[in-house]
Amino acid sequence: VAAPALIQVGVPDFAAHMFIFYYAVLSEVSPPTALSPFAAAAITGGDPYKVVATADSTTVAAGALPRIQLALRGDWQEFQLDASTAITSNKPVLLAQFANSAMWDSDTNEYGDAGMTLLTPTNRFAQCHLFTSDILDEDDGNARSFVNLTVHAGAERTVTLDGAVVPDTSFHAVPGSGLLAAQLEVSNDAHRVETNEPRGVGVTA
């Protein structure tokens, strides 16, 4: 459909078809389709992320991935990560992490609904978080819940979960960020995460 139109306005045949081919390939990693991050997540066990620009000329860096250029406010890009990674930008962005359903990884998995979490910027971390972790059929034995914690380096000894200090050995460094992250298994109940560190702690559950 597009090639004849390009040729009619003077674009050489070969160039017109290569232009269309290029954008067909690009569609796998860019809006509005961007299927590659989800396919990669299924292969590597990672999660897809989506970043949305709130201002024109936004640049986003996510670990070793190529820098993401978002030209206009509202532009977005999806990508996949399988490890703790610092995500930074030159302007404010909205960042979402998608959790694939359990059946995404295996047809035999029963538990784990797909979900989306909006991630909190490090300068908005709070000193106290309340959250619940509740799976309907917890008697099955396969139902497991986790909480992810992020703190600034040096604050790892200040975090408590339900009044008990989280061992500092639970945390690992997020490369190149000055942050530490931990993933803890929790019971299916209400929980409280606290720190006396003024910069707070990030919690996703």
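User: Hello! Which side chain meets Asp168 in a salt bridge?

Analyst: Good place to begin. Side chains of opposite charge can pair when their charged atoms come close. In this predicted model, Asp168 pairs with Arg157, with 3.0 Å from N to O.

User: Where do Asp168 and Arg157 lie?

Analyst: Asp168 is in the loop between β11 (164-165) and β12 (172-174), while Arg157 is in the loop between β9 (145-152) and β10 (159-161), so their pairing ties together parts 11 residues apart in sequence.

User: How do I read their accessibility: is Arg157 buried or exposed?

Analyst: Residues over 50% relative accessible area are called exposed. Arg157 has 58%, so Arg157 is exposed. Asp168, at 28%, is partly exposed.

User: Thanks! How many salt bridges does the structure hold?

Analyst: There are four. Another one joins Glu78 and Lys50, at 3.6 Å from N to O. This pair links distant parts of the chain: Glu78 belongs to strand β4 (residues 76-81) and Lys50 to strand β1 (residues 47-53), 28 residues apart.

User: And is Glu78 buried or exposed?

Analyst: The cut-off for buried is under 20%. Glu78 has a relative accessible area of 8%, so Glu78 is buried.

User: Which residue does Glu197 meet in a salt bridge?

Analyst: That is Arg199, at 2.7 Å from N to O. Try the cut-off again here: Glu197 has 12% relative accessibility, so Glu197 is buried. Arg199, with 41%, is partly exposed.

Definitions and conventions:
Residues numbered from 1 in each chain as written. Predicted model: local features only at pLDDT ≥ 70, side-chain atom pairs only at ≥ 80, totals over all residues. Heavy atoms only, no water. Helix = DSSP H or I, 4+ residues; strand = E, 2+ residues; numbered from the N terminus. Buried < 20%, exposed > 50% of the residue type's maximum accessible area, 1.4 Å probe, protein only.
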